[in-house]
Amino acid sequence: MAGAAAVAAMEYFGVNYKFLLDIDPKCQVDSTTLFGVAAFQQLLFLLTFAMFLLDYKFAILGDHNLYWAYMPALILLQLALLVVPHPTFRFTYRRHILSIFKEVFLAGVFAVSDVKLVQNIVGDVLTSFSKPLNDLHYILCFYWTGMSHDTKAQCPGDAFMRPLLGGLPFYLRFCQCIIRYRGSRNDEKAQRMHLMNAGKYVSGLLVIFCNSVPWQALGVSPYGVCLIWVCSYLLGTIYMFAWDIKVDWGLMPDPDHFIRTQSCLMYPRWMYRSIAVGNLIGRLTWAMTLMPSTFD
C-alpha cells in the first residue's frame, strides 16, 4: 500500500519513475494497479484474522486445537497471489521484482558488481523489516516445539539467531555501499560518501548488537546496560536522521551536491517539512522495537 501511494505521488508530480527504477517503458502497471493488489492482500489478511477471532472466541468451527493453522494459511494465500493471473501485473514484471530481491541478497556475498537505485530502495525497505525478522526464529521455534500456549518456547540458539536475522537487512545495505565504493575508484568524493553511508548501517547493526548481548551475564550492572542501550540508540538515530536530511534530501544549509535550492524543489515546501518531522518521529521510535522490555 505504501508503495502504491509512493507511485501515485510520483505520477501526480510527473516523476519519470520508470526511468529511475529501470522499469520497462511499456509496462502498464500504475498506482491504480498497485492499490488494487494491495487492497486485495489487505482483504485476505482481514478475512483470515476475523475468521481466527470468530473461531477462537465463539468456536464457529467447533471445538478443535488447530488455531495455529491460520497463520500458515494466510502465508500460503499471500504467496498464491504471486501465481494468480492479472491482466496488467504480468508474470514478467513479477519475475523482475523477484530478480531485484535476488540481486539485493547477492550483494551480501559481493556477487554483484554494481548496485542500481531500485536495489538500493529495496534494501532500504528491508531494513524496515528488522523487527519481524528478529522475531522469525522464535515463530519457527514455536511451531517446531509443539505450539504450547502455556509456556514460552525454548529456542536453542535464539540469542544468536535473533540478532543475525534482525541485522541481515542492515548488513545487505552495508554491502551495497561497499560495492558502490569499489565502483567509484576515480571519484574520491563519491567514495567518501559511500563509506559514510555504510557507516549509517553499521550504526544500525550496532544498535541490534548492543541490544542482543547478555550484558548482565557478563557482569555489567543494570545501569550500565541501560547506558549502553541509550548510547547506541542515540548514535544510530542521530546518524540516520542527519544523513536523511543532509545527504538524501539536501535540506540542510551548505550540504553536498544533492542540495535542493528553491528553484529545484519538486514538491511543495510544506511537504518537505512534514516528511522531515515524520522521519524524525520514525527515527526516534524504530530502535525501541528492538530493545528488550526487561532486564531478565
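Predicted model: local features only at pLDDT ≥ 70, side-chain atom pairs only at ≥ 80, totals over all residues.
**Exercise 1. The overall layout**

Work out which kinds of secondary structure the chain holds, and how much of the chain is buried.

*Solution.* Start with the element count: the chain has 11 helices and 0 strands. Read from the N terminus, the order of elements is therefore α-α-α-α-α-α-α-α-α-α-α. Next, take the extent: along the principal axes, the C-alpha atoms fill a box of roughly 65 × 60 × 40 Å. Then turn to burial: of the 296 residues in the chain, 32% are buried. Finish with the contacts: among those between residues at least 6 apart in sequence, 62% join residues at least 24 apart.

**Exercise 2. Two helices, α3 and α4**

Find how helix α3 (residues 31-58) and helix α4 (residues 70-80) are oriented to each other: parallel, antiparallel, perpendicular or oblique?

*Solution.* Two packed helices are described by the angle between their axes and the distance between the axes, so we need both values. For α3 and α4 the angle is about 165 degrees, and the axes lie 10 Å apart. Angles over 145 degrees count as roughly antiparallel, and α3 and α4 are therefore roughly antiparallel to each other. Their crossing is right-handed.

Now look at who meets whom. On the α3 side we find Gln41, Leu44, Phe45, Thr48, Met51, Phe52 and Asp55, and on the α4 side Tyr70, Leu74, Leu77 and Gln78. Sorted by class, the contact of α3 with α4 has 7 nonpolar, 3 polar and 1 charged residues.

**Exercise 3. A second pair, and a glutamine in it**

Determine how α5 (residues 91-106) crosses α6, and whether glutamine 119 is buried or exposed.

*Solution.* The axes of α5 and α6 come within 9 Å and cross at roughly 75 degrees. Since 65 to 115 degrees counts as roughly perpendicular, α5 is roughly perpendicular to α6. In the contact, α5 contributes Ile100, Phe101, Glu103, Val104 and Phe105, while α6 contributes Val118, Gln119, Val122, Gly123 and Leu126. By class, the contact of α5 with α6 comes to 7 nonpolar, 2 polar and 1 charged residues.

Zoom in on glutamine 119, which sits in helix α6 (residues 117-127). The relative accessible area of glutamine 119 is 8%. The cut-off for buried is under 20%, so glutamine 119 is buried. Apart from neighbours within four places in sequence, glutamine 119 contacts Ile100, Glu103, Val104, Asp114 and Gln176.

**Exercise 4. A buried serine**

Locate serine 232, and list its contacts beyond its neighbours within four places in sequence.

*Solution.* Serine 232 lies in helix α10 (residues 222-248). With a relative accessible area of 3%, serine 232 is buried. Leaving aside neighbours within four places in sequence, serine 232 is in contact with Leu206, Val207 and Cys210.

**Exercise 5. Backbone and loops**

Check the phi angles of aspartate 22 and alanine 59, and place each residue in its loop.

*Solution.* Keep the background in mind: most residues other than glycine have a negative phi. Aspartate 22 has a positive phi, near 55 degrees. Aspartate 22 is in the loop between α2 (17-20) and α3, and at 40% relative accessibility it counts as partly exposed.

Alanine 59 also has a positive phi, near 50 degrees. Alanine 59 belongs to the loop between α3 and α4, and is partly exposed at 38% relative accessibility.

Glycine 62 is likewise in the loop between α3 and α4; glycine 62 is partly exposed, with a relative accessible area of 29%. To end, follow the chain from glycine 62 to histidine 86: the two are 24 residues apart along the chain, and their C-alpha atoms are separated by 37 Å.

Conventions
Residues numbered from 1 in each chain as written. Heavy atoms only, no water. Buried < 20%, exposed > 50% of the residue type's maximum accessible area, 1.4 Å probe, protein only. Contact = heavy atoms within 4.5 Å. Axes fitted to C-alpha atoms, helices over the stretch in contact; angles between N-to-C directions. Parallel < 35°, antiparallel > 145°, perpendicular 65-115°, else oblique. Nonpolar A, V, L, I, M, F, W, Y, C, P; charged D, E, K, R; others polar. Left-handed = near helix turned anticlockwise from the far one by under 90°.
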